[in-house]
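This briefing is intended for a reader who is meeting the structure for the first time. Please keep the sequence and the model in view while reading.

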Amino acid sequence: MPAIAQYPNYSMKKLYSFILAFILLASASVFSQTRKLPSVDLKTIDGTTINTSTFNNNGKPMLISFWATWCKPCIEELNAIFENYSDWQKETGVKVIAISIDDSKTAGRVAPFVNGKGWTYDVFKDLNSDFRRAMNVGDPPMAFLIDAKGDIVWQHVGFVEGNEKEMYEMIKLVAAGKAIPTKN
Amino acid sequence: MRIELRVEKVSNHKNKTISFFILLSLITLMNSVLAQDKVSPGAIHGNFQGDAQYYNPDSNINAPLVPEKMLMNGYANFNYESEHFLAGLRYESYLHVLQGFDPRYEGSGIMYRYLTYKKDQMEITAGSFYEQFGSGMVLRAYEERGLGIDNALEGFRVKYTPIEGLTFKGVIGKQRSFFNYGPGIVRGFDGELSLNDFLKSWSEKKTKIVVGGCFVSKYQKDADPIYILPENVGSYSGRINLQHGKISFNSEYAYKINDPSFTNHFIYKDGQCLLVSATYTKPGIGLTISGKRTDNMNYRSDRTVTGTLLNINFLPALTKQHTYQLATFYPYATQPNGEMAGSAEFFYNFKPGSTLGGKHGMNLALNFSKINSIDTVNTNNEKGYTSNFLKIGKTIYFEDLNVELTKKFSKKYKMIFTYLNIIYNKNVIQGEEGIFHANIGVIETIWKMTDKVAMRTELQHLYTKQDQGNWLEPLVEFSFSPHWFVSAYDLYNYGNEIKDKQIHYFGVSTGYTKNAVRMMLSYGKQRAGLFCVGGVCRTVPASNGVSFSITSSF
């Protein structure tokens, strides 16, 4: 019986300390409204290592899209972007970086798959989801828009046909150096 | 006696949690100090996921009774990041855990929390972490939430990059098992060298070479009254990744010393696994061929557990992961005790304007995989069997030949044709009688009706003379960009020999997405089956009810 009496008490205390710690941390981060890309090692298609802190598009916007070869909406998203990619690049200079979260089961498919689709994105592999965790990505697809200063200014989860239009509106704002409306 | 033990355990855990928060608070303080020095103060980000389901009783589909009526899994991650410090935790709650997950996920708590310091060439993590050496054949700590897998290590990890191109990693810890830790200690070391980064003279070479190697050892006390079991079990591997222009070659070979366990029936045989893969690819075309031989490679930090628990290594399956529902009926799960696997895949992009590509282009994907047993001869001694490395065993475990054709007819209209031919050995994969042969066809259409409204339909059919016979599934989905979608399906087992079992599993769902928030509400019947990700599967019981899920990232 004592164990049963102890249990809820223990959970409550744990919960309180959890909330307390979070408030403390949150109050510290009030200073900072912007968010940069976390620095995480990824694999290139060649098999070498690249750190996300080296991502750079010379002051033009970057769109980072998390996808996998087994994720249908992800492929639809990257297809939809690719249909417009050359226009988008001409008008805004945007660069799309596709982060594959395929693990070692399907990671070998990534390069031939990308070529089979004809995509010309920069593709990197996040083999054990380290970058995915650092970016708080749950189920893919999830896309992040990075501005000239390297701040993450917009994120979007999921994909349905037509979402690429909304995405492009955001890219145009960022390319023009405008803020993304918070109400959006 | 049991009660006393439990109280002690709980208070121990509490102390741990509290000390962790003291550390977190310390970092916060440091953070504010840093802020005053105009050093970047960092920020908190995270995400939340909640999946709830209300269960209706339904004896017709054999849905188990759920006395709580409603169940929910919830996860919230909070990550703090600054230039050199990272800290974070995940609060998880299973009240009670959803049907189909292991019921040992019970209650709420924090099992994932970490502190990381990184500067220059060094990175140190204390607490929980995920890690993978090479392809993971020797060590992989990972999470696959959809399967309820989380074997995060709890301990220390150090990463060190003394020179560009050379990385060392060292880990020590115990593996998570639900709201506890496995009994064994896992220790590992990994080194990786990228020649093109390491040697200046190689930096411009067209040939890229990366080599690596690792050693992992687990310790678990031998408490067995009869057997003398090895308490320290070592496993190691070497790997190479070669790339020359359009051609690449990858291979990893892993070896494990004798490791009698429940899953290998306590034989004292060494284990090994070889993975080889070659790829040719250039814009518009891709070809990849892989082979794998696995022999007695179950490697867990508790020799008594089975299923997906406390695996130290990860043995990737070479089969394609399908997404259409009927194509996922017969999924393969890696057989760590032994398998000979081969696969080949071909991708081709018929460019717009070419003969077959037509005006808008066409994509082709061809895939074949076949998995057999390894050839074994029983030895009637403690080693169990001997096996000829190159000989393929006679038993077929799995075979899958599939083709997918994506054809765009206009800017607004696209179709995807898929055909699969599958042989599935249920006896080996699920431990139940039956070898099934199935043919599956799917026609998918995507029609962009306006700039914002799109209609997607699927017509799936599965043909088999075994198991539950034929299935048919029409599905329709409307999406209203940027926020809404609605869909409906009817999965119909019209070919079931038993008239009463010719069931319609229908369902409807709707979802709303706004930036990083997604909500989904579904109602329907779910068929019992295997749900798999990456060659690892969990069985899902049949259910009938309403489910709601929400994900949000901040």
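Asn380(B) is exposed, with 7 other C-beta atoms within 10 Å; a residue counts as exposed with 12 or fewer such neighbours, as buried with 20 or more, and as partly exposed in between, C-beta atoms being placed from the backbone. The model is predicted: local features need pLDDT of at least 70 and side-chain atom pairs count only at pLDDT 80 or more, while totals for chains, interfaces and linings use all residues. Residues are numbered from 1 along each chain as its sequence is written, and chains are lettered from A and ligands numbered from 1 in the order in which they are written.

**Confidence**

- The model scores ipTM 0.89 and pTM 0.89.
- Chain B has an average pLDDT of 90, and 92% of its residues score at least 70; pLDDT is the predictor's confidence in each residue, from 0 to 100.
- Over residues 1-12 of chain B, pLDDT stays under 50, and the model has 8 contacts beyond four places in sequence for them. Two residues are in contact if their C-beta atoms, placed from the backbone, lie within 7 Å.
- Where pLDDT is low, the predicted coordinates should not be read in detail.

**Chain B as a whole**

- Chain B contains 3 helices and 31 strands; these are DSSP runs numbered from the N terminus, helices being H or I of at least four residues and strands E of at least two.
- Its C-alpha atoms fill a box of roughly 60 × 60 × 55 Å along the principal axes.
- Of the 554 residues in chain B, 38% are buried.

- Most residues other than glycine have a negative phi, and most peptide bonds are trans.
- Asn380(B), which is not a glycine, has a positive phi of about 55° and lies in the loop between β20 (362-378) and β21 (385-408) of chain B.
- Asp467(B) likewise has a positive phi, near 55°; this residue sits in the loop between β24 (453-464) and β25 of chain B and is partly exposed, with 19 other C-beta atoms within 10 Å.
- Ser481(B) and Pro482(B) are joined by a cis peptide bond with omega about 5°, and Pro482(B) belongs to the loop between β25 (471-480) and β26 (484-492).
- In chain A, the bond from Pro140(A) to Pro141(A) is cis, with omega near 0°; Pro141(A) is in the loop between α4 (130-134) and β6 (142-146).

**Helix α2 of chain A**

- Helix α2 (residues 72-92) bends by about 55° at Asn84(A), the bend being the angle between axes fitted to the seven residues ending there and the seven starting there.
- Its buried residues, including Cys74(A), Leu78(A) and Trp88(A), pack against β3 (62-67), β4 (95-100), α3 (110-117) and α5 (163-175) of chain A.
- Just after α2(A), Gly93(A) takes a positive phi of about 75°.

**Nonpolar cores**

- In the largest nonpolar core, of 46 residues, Leu63(A), Trp67(A), Leu145(A) and Ile171(A) touch the most other members. Such a core is a set of buried Ala, Val, Leu, Ile, Met, Phe, Trp, Tyr and Cys residues joined through C-beta atoms within 7 Å.
- A second, separate core of 32 residues includes Tyr114(B), Leu139(B), Val216(B) and Phe314(B).
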